[in-house]
Amino acid sequence: MKIKKMEAGLYCLHCQEEVDHEITYINSQIKSIRCMQCNKTKELNIDVKKEFYKEIVERIATKPTRMTEEYRKDLSHLLFSLPFRAIKKPYRLLKDVNSSRKVIRYYTKKKGIEK
Ligand SMILES: [Zn+2]
């Protein structure tokens with residue numbers, strides 16, 4: 001799970017003109033849109049935890065298919081590449097889990113202050 005920021009020219013209702021906005025994404029979902037001129041921010045409701053679980057489930061769910069396809073393609077190649085995969089996959093997954101935790105913590109903390 002990653003936070004991405006993007007700038008885009010959008011029409012601001014407050015400024016009543018097209019100005020630069022900062023768009024914050026979580027994965028491919030828009031989390032917030034901020035007018036860079038008047039600072040007015042529109043927060044969109046994303047279930048951060050749901051996003052995170054969806055991502056994990058998708059990743060795990062697509063794994064067996066990939067394995068089977070590769071198995072059909074070239075058995076010897078699979079046998080050679082298997083030890084590398086066994087090390088790389090859990091590591092990559094773990095790294096994403098860590099960054100996702102940071103995102104969840106950030107937004108949970110922010111909500112706590114507001115209320
Ligand atoms: Zn504005």
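Me: What should I know about the model before we start?
Reply: The model is predicted, so local features need pLDDT of at least 70 and side-chain atom pairs count only at pLDDT 80 or more, while totals for chains, interfaces and linings use all residues. Residues are numbered from 1 along each chain as its sequence is written, and side-chain values use heavy atoms, with hydrogens and water left out.

Me: OK. How many helices and strands in the protein chain?
Reply: There are 2 helices and 4 strands. Along the sequence they follow the pattern β-β-β-β-α-α. Helices (H or I, at least four residues) and strands (E, at least two) are DSSP runs, numbered from the N terminus.

Me: What percentage of the residues count as buried?
Reply: Of the 115 residues, 24% count as buried. Buried means under 20% relative accessible area, exposed means over 50%, and partly exposed is in between (1.4 Å probe, protein chains only).

Me: And the accessible surface of the chain, what does that come to?
Reply: About 9,200 Å². Carbon and sulfur atoms hold 58% of that surface. The areas come from the Shrake-Rupley method with a 1.4 Å probe; for residues, only the protein chains shown count as cover.

Me: Is Cys12 buried or exposed?
Reply: Cys12 is buried, with a relative accessible area of 5%.

Me: Switching topic. How many salt bridges are there in the whole structure?
Reply: A search finds 3. A salt bridge is a side-chain nitrogen of Lys or Arg within 4 Å of a carboxyl oxygen of Asp or Glu.

Me: Which residues are linked in a network?
Reply: Lys5, Glu22 and Arg34. Glu22 pairs with Lys5, the closest N and O atoms being 3.9 Å apart. Glu22 lies in strand β2 and Lys5 in strand β1 (residues 3–12), so the pair ties together parts that are 17 residues apart in sequence. Glu22 also meets Arg34 in a salt bridge, at 3.5 Å from N to O.

Me: Which residue does Glu43 meet in a salt bridge?
Reply: Lys31, at 3.8 Å from N to O. Glu43 is in strand β4 (residues 41–43) and Lys31 is in strand β3, 12 residues apart. Glu43 is partly exposed at 39%, whereas Lys31 is buried at 8%.

Me: Which residues make up the largest nonpolar core?
Reply: There are 8: Met1, Ile26, Val48, Phe52, Ile56, Val103, Ile104 and Tyr107. Helices α1 (48–73) and α2 (75–114) are the elements that give two or more residues to this core. A nonpolar core is a set of buried Ala, Val, Leu, Ile, Met, Phe, Trp, Tyr and Cys residues joined through side-chain atoms within 4.5 Å.

Me: What about Glu18, where is that?
Reply: Glu18 is in strand β2 (residues 17–26). Glu18 counts as exposed, at 61% relative accessibility. Leaving aside residues up to four places away in sequence, Glu18 touches Gly9, Leu10 and Tyr11. Contact means heavy atoms within 4.5 Å.

Me: Last one. Which loop holds Gln16?
Reply: The loop between β1 and β2. Gln16 is not a glycine, and its phi is positive, near 55 degrees. Asn39, in the loop between β3 and β4, has a positive phi of about 70 degrees and is not a glycine either. Gln16 counts as exposed at 59%, and Asn39 as partly exposed at 48%.
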